Amino acid sequence: MKELGGELDVYTSKFRPMKYTLSGRDEKTFMKLIVHVETDRVVGVHMVGPESPEIMQGIAIALKCGATKAQFDSTVGIHPSSAEEFVTQDKASYGHWNFQALKAI
């Protein structure tokens, strides 16, 4: 990560999974993708919510292989599942972040 430098896009999503909406439970999920703008490489992923461990294991493999945001976007999501949210995030929630500024925090 240190060698990348440059700007980052941050994509976030907060929602109540469909299966909990139908059952009336109040479980919520939060997801975040961090993308290096210059290379389009996904450099970070966070998830909090039901099924997080299983979903994150698959995402970890993709990150180790150097997956890009374009590759995430071109993947067909499994519907209905929370995991599909990772491949449908299309707008950066926080725009460009300067990596050098983030290192100072």
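Arg 25 is partly exposed in this predicted model, with a relative accessible area of 43%. Its side chain takes part in a salt bridge with Glu 27, in which the closest N and O atoms are 2.8 Å apart. Glu 27 likewise counts as partly exposed, because its relative accessibility is 29%.

**Salt bridges**

The structure holds 4 salt bridges in total. Three of them are listed below, including the pair already described.

| Salt bridge | Distance between N and O |
|---|---|
| Arg 25 and Glu 27 | 2.8 Å |
| Asp 26 and Lys 28 | 3.2 Å |
| Arg 16 and Asp 26 | 3.9 Å |

Arg 16 meets Asp 26 with their closest N and O atoms 3.9 Å apart. Arg 16 belongs to the loop between β1 (7-15) and α1 (18-23), whereas Asp 26 belongs to the loop between α1 and β2, so this bridge ties together parts that are 10 residues apart in sequence. Asp 26 also forms a salt bridge with Lys 28, at 3.2 Å from N to O.

Asp 26 is exposed, because its relative accessible area of 54% lies over the 50% mark. Arg 16 counts as partly exposed, at 33% relative accessibility. Lys 28 is partly exposed as well, with a relative accessible area of 44%.

**A buried histidine**

His 36 is placed in strand β2, which covers residues 29-36. Is this residue buried or exposed? His 36 counts as buried, because its relative accessibility is 2% and the limit for burial is under 20%. The side chain of His 36 makes a polar contact of 2.8 Å with the side chain of Thr 39. When neighbours within four places in sequence are set aside, the contacts of His 36 include Leu 4, Gly 5, Gly 6, Glu 7 and Leu 8. Arg 41 and Val 43 are also in contact with His 36.

**Aromatic rings**

Lys 69 lies over the face of Tyr 11, at 4.6 Å from the ring centre. As for pairs between aromatic rings, the count comes to 0.

**The chain as a whole**

The protein chain has 4 helices and 4 strands. Read from the N terminus on, its elements follow the order β-α-β-β-α-α-β-α. The chain has 105 residues, of which 32% count as buried. Among its contacts with a separation of 6 or more, 55% are between residues 24 or more positions apart.

**Confidence of the prediction**

The mean pLDDT of the protein chain is 83, and 87% of its residues reach 70 or more. Where in the chain is confidence lowest, and where is it highest? The lowest value belongs to helix α4 (residues 99-104), with a mean of 54, and the highest to strand β3 (residues 42-48), at 95.

Key:
Residues are numbered from 1 along each chain as its sequence is written. This is a predicted model: local features need pLDDT of at least 70, side-chain atom pairs count only at pLDDT 80 or more; totals for chains, interfaces and linings use all residues. Side-chain values use heavy atoms; hydrogens and water are left out. pLDDT is the predictor's confidence in each residue, from 0 to 100. Helices (H or I, at least four residues) and strands (E, at least two) are DSSP runs, numbered from the N terminus. Rings of Phe, Tyr and Trp (its six-membered ring) pair if their centres lie within 6.5 Å; planes under 30 degrees apart count as stacked, over 60 as edge-to-face and the rest as tilted. A charge sits over a ring if NZ of Lys or CZ of Arg is within 6 Å of the ring centre and within 35 degrees of the ring normal. Buried means under 20% relative accessible area, exposed over 50%, partly exposed in between (1.4 Å probe, protein chains only). A polar contact is a pair of N or O atoms within 3.5 Å; within protein, one must be able to donate a hydrogen and the other to accept it, and residues adjacent in sequence count only if both atoms are side-chain atoms. Contact means heavy atoms within 4.5 Å.
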